[in-house]
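Have the sequence and the model at hand.

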Amino acid sequence: MKKYNSTLNLPKTDFPMKAQLPIKELDVFKYWQKINVYQKMQEKNSDKSTFVLHDGPPYANGEIHLGHALNKILKDMVVKFKNMSGFKVNFVPGWDTHGLPTELKSQSITKNYNELSDVELRDVCSKTALNYLEIQRESFKRLGIFADWENPYITLEPRFEAKQIEVFAELAKRGAIYRGLRPVYWCSECRTALAEAEIEYNQDACDSIYVKFQLIDDEGKFANLGINNEKIFFVIWTTTVWSLPGNVAICVNSEFEYSLISANGEFYVIASKLVEASCGVAGIKNYEVISIFKGSQLENIKTQHPFLPRVSKVILGDHVTVESGTGCVHTAPGHGIEDFEVCKNYGLEIPVPVNDYGYFTEEAGEFANLKISSSDENIIQTLKNKHLLFAQKNITHKYPHCWRCKKNVIFRATNQWFCSVSKFKDDALKAIANVNWIPVWGEERMKSMLTERNDWCISRQRKWGVPLPIFFCLECGEPFVDYESMLKVSKVFEKEGSNSWFANEADYFLSGTEKCSKCGSNKFKKEKDIMDVWFDSGSTHHAVLSKSEFPADIYLEGADQYRGWFQSSLLTSVGMNQGAPYKTVITHGWVVDDQGKKQSKSLGNVISPSEIISEYGADILRLWVASVDYTSDVKVSKNILSQISESYRKIRNTARFILGNLYDFCPKENLVSFDDLLSIDKWILLELKKLIQKCFESYENFEFYAVFHAVQSFCILNLSNFYLDILKDRLYTENSNDKKRRSAQTAMWYVLKDLVKIISPIISFTAEEIWSFIPKSEESESVFLNDALESFSLVEDDNLISYWRKIMKISDDIKINLEKARQSKIVGSSLEAQIIISADKKEFEFFDKALEDIKSVSIVSDVKLFLFTGTNFKIDVKKAPGRKCERCWMYSETVGKNNEYVDVCDRCVDVLKEMNFCVDVKN
């Protein structure tokens, strides 16, 4: 064989087998920068229809994590595919830079933070945010994300802040902005109100207590029972012991049945359905039901607060259930929205005995100055001392926590600014019905959230953010909420940024002609609160999208954004009377470990994107994203990434084999027309066409995992395990310019070219690397400067497809018989075999025409066909006659028949003669 090596067309390529992605990707990245590939994509598609994927802004307060990587890679795959399939897609990345996360980060890294002026503090926050923005930007670039990186939108920029004020002004003009006392989520650690989107629910152990409220005025309801009122108690149940100082009422359901029971020499009012359970917790085995009442009969009864000189009134509320507790609900209007609403209806006072820092005020009596987080034991002891603790039980339940400091939050009634969602809720519900939700359950989720929501608390008691453009009358304190004044503020912010609000007095933003609607004064002061950061990000549709780009084609974010960016964007857009800001909303899940657990440092299961890139390369991370159904939680681990690496190697090795066999192929000179291709080469191109169609459909449906699996299956089953395997003899042994060889090369060239384009949105670095090695018919700097549909024009041929399906089925049967022959020691390799096919008259004609194709597909030395009297056909395997050709390794009876080339078959003799190859007899 050695002496014939130079006569074979063995593969040659500089495309490396080992990817070395962590190193090689940097070269590709530099190449993209050098040719300015993103800008050239924009120029190439400048006259095409616009497609808008609006980027949801991540917080600029730390390095990126896998959730960021998942999100941005998904977006990048959409952007690249759309750019290559007939659209102009200018992807503008964004960052959310205001708010508590950045302020806390700045506080942790700055000395004497509390001594800074407001403007100095904000300058520190700005530098912190911009520093992390740059870190994140470079990390996203390293992932291979294509975007307008030099011109992102940043929420701290003056132009953005000015646009945000315009959104606020429009909502105020519509009458949707108001100030009021309402319970809101309050973080005592961060000393600010929080929105629902800033709340996490974690499991907490707590004391659940049953407390006795002594009857002081029964309104004549128990008079005929002859019982001393001092012996009658309403029993409430609560899991928030600290909220008892805020109690002003006991809520019962008008429709429920309540029992007055006797036990331990006292009388207790408990919902009838909960008597047994409540007594069980209290250890009461024997009790007697004295009387039964409807909840409505108990209204307006007065009880004594257990440790404060305050009456607690029995009132009615539909929110009362009998799922747990006693059916008599502890009601503290300063600490719960339902409590607030029901007490408001009864005109009851709204005590809030907790200050901004989470300490009890004087209103809490003996507990004043005690921190609420450590007050339970003291309150419970007081109840015990007063013999008012009916029962106590430790439970674990879900409790709201601040998403930043992770500490427990409370409901606390404070004066805040609200956006009245109820004013445009119906319009919002209509808008979401016209949005395409992926997955489809997104619509119902958003609908349920909006249905339950009436107000949005938009004020925050911090410094780092966009200030509320509202003034107060210095004389009477009346809020001055004026549309024209807000637009003036917007103009100032556009020139100077929102720092100007903190550096100047109110008259800097006013014309001097404004007057208080209540007292007529023209002296004002500024509001000190800033806006909720969700209002910042919720305003991006107005600040970033042009009129022609609105509404955006796609919003694509994590599932938590139904209560975050998806919702805040919808509310601001509908509030401005513009409808939904998006046509399609796509949701992805959380990144979890291979056990389904959320990644956390304490569990030691956190993998950072930089760690993956350093070990595997960004393309492995991108391929992982493409391999999963991102609509639910996605698993990642070193083991999973190792499996993805194996899938990557199969794709890369397929490309390398093809490139190795295209070393002497020039499309302009050697391309074979479709009509002149060999039958099997036509077949693979038809299979390629089916792959492209499937992948395009999957891309259009944002089902990237379907693209991954289709490409992987095509590379393994259609190419490596079948087509490319059976090409080797034709590629290696025929004359280099033989039409049969050029036919194979033509098919492979089309396969690789289209395959690389179809995978380029996924493994972008590798696709670009492969593209640089593919022989070009026309010079193209980058795979991304091609139209993905620019492919070989093929007409479907059902007869050809049916023909090769039958050949492949026969091939499978031959393989089974070959394996039996190997086990029986008849043959070793398949080239040692001769296949004997015996066919009936019906099948004979087909086999007679297909013998050469069957031989090629089966990779055997010879196939013989005989007519027999049986039905259908049968296959036998024999040892191939003749000797082994030293050049092609086929067995043939023609080996040794030529005196000049004594050790090769007649087919190889013809090739050698064409080459004028002279055998060195000394070898």
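**Reading sheets and helices**

In strand S32, valine 877 is the bridge partner of isoleucine 835. The model is predicted.

Q: How many bridges join S30 to S32, and do the strands run parallel or antiparallel?

A: Seven bridges join S30 (residues 833-839) to S32, and the two run antiparallel.

Q: What is the strand order of the sheet?

A: The order is S31-S30-S32. This is an open sheet of three strands, and its pairing is mixed. Strands S31 (862-867) and S32 (873-879) stand at the edges. Each has a single partner strand, so one side of each lacks a neighbour in the sheet. From one strand to the next, the twist averages 20°.

Q: Which strands does helix H25 touch?

A: Helix H25 (residues 798-823) packs on the sheet and touches S30 and S32. The direction of H25 makes about 40° with that of S32.

Q: Which strands does helix H26 lie across?

A: H26 (residues 841-858) lies across S30, S31 and S32. Take S31 as the reference: H26 runs at about 170° to S31.

Q: Now strand S12. Why is S12 described as largely enclosed?

A: Count the buried residues; the cut-off is under 20% relative accessible area. In S12 (residues 266-271), six of the six residues are buried, so the rest of the structure largely encloses the strand.

Q: Which residues of S12 point one way, and which the other?

A: Glu266, Tyr268 and Ile270 point one way. Phe267, Val269 and Ala271 point the other way. All of them are buried.

Q: How many bridges join S9 to S12, and how many join S11 to S12?

A: Three bridges join S9 (residues 232-238) to S12, and these strands run parallel. Isoleucine 232 has phenylalanine 267 of S12 as its bridge partner. Six bridges join S11 (residues 257-263) to S12, in an antiparallel pairing. There, serine 259 stands opposite isoleucine 270 of S12.

Q: What does the hairpin of S11 and S12 have between its strands?

A: Two residues lie between the strands. Asparagine 264 in this hairpin takes a positive phi near 55°.

Q: Last, helix H27. Which residues of H27 are buried?

A: In H27 (residues 906-914), they are Cys908, Val909, Val911 and Leu912. They cover an arc of only 165° around the axis, which puts them on the same side of H27.

Q: Which helix do the buried residues of H27 pack against, and what follows H27?

A: The buried residues of H27 pack against helix H22 (704-733). Asparagine 916 follows H27, with a positive phi near 55°.

How values were computed: Residues are numbered from 1 along each chain as its sequence is written. This is a predicted model: local features need pLDDT of at least 70, side-chain atom pairs count only at pLDDT 80 or more; totals for chains, interfaces and linings use all residues. Side-chain values use heavy atoms; hydrogens and water are left out. Buried means under 20% relative accessible area, exposed over 50%, partly exposed in between (1.4 Å probe, protein chains only). Helices (H or I, at least four residues) and strands (E, at least two) are DSSP runs, numbered from the N terminus. The arc is that of the directions from the helix axis to the C-beta atoms. Contact means heavy atoms within 4.5 Å. Two strands pair if DSSP finds at least two bridges between them. Axes are lines fitted to C-alpha atoms, for helices over the stretch in contact, and angles run from 0 to 180 degrees between N-to-C directions.
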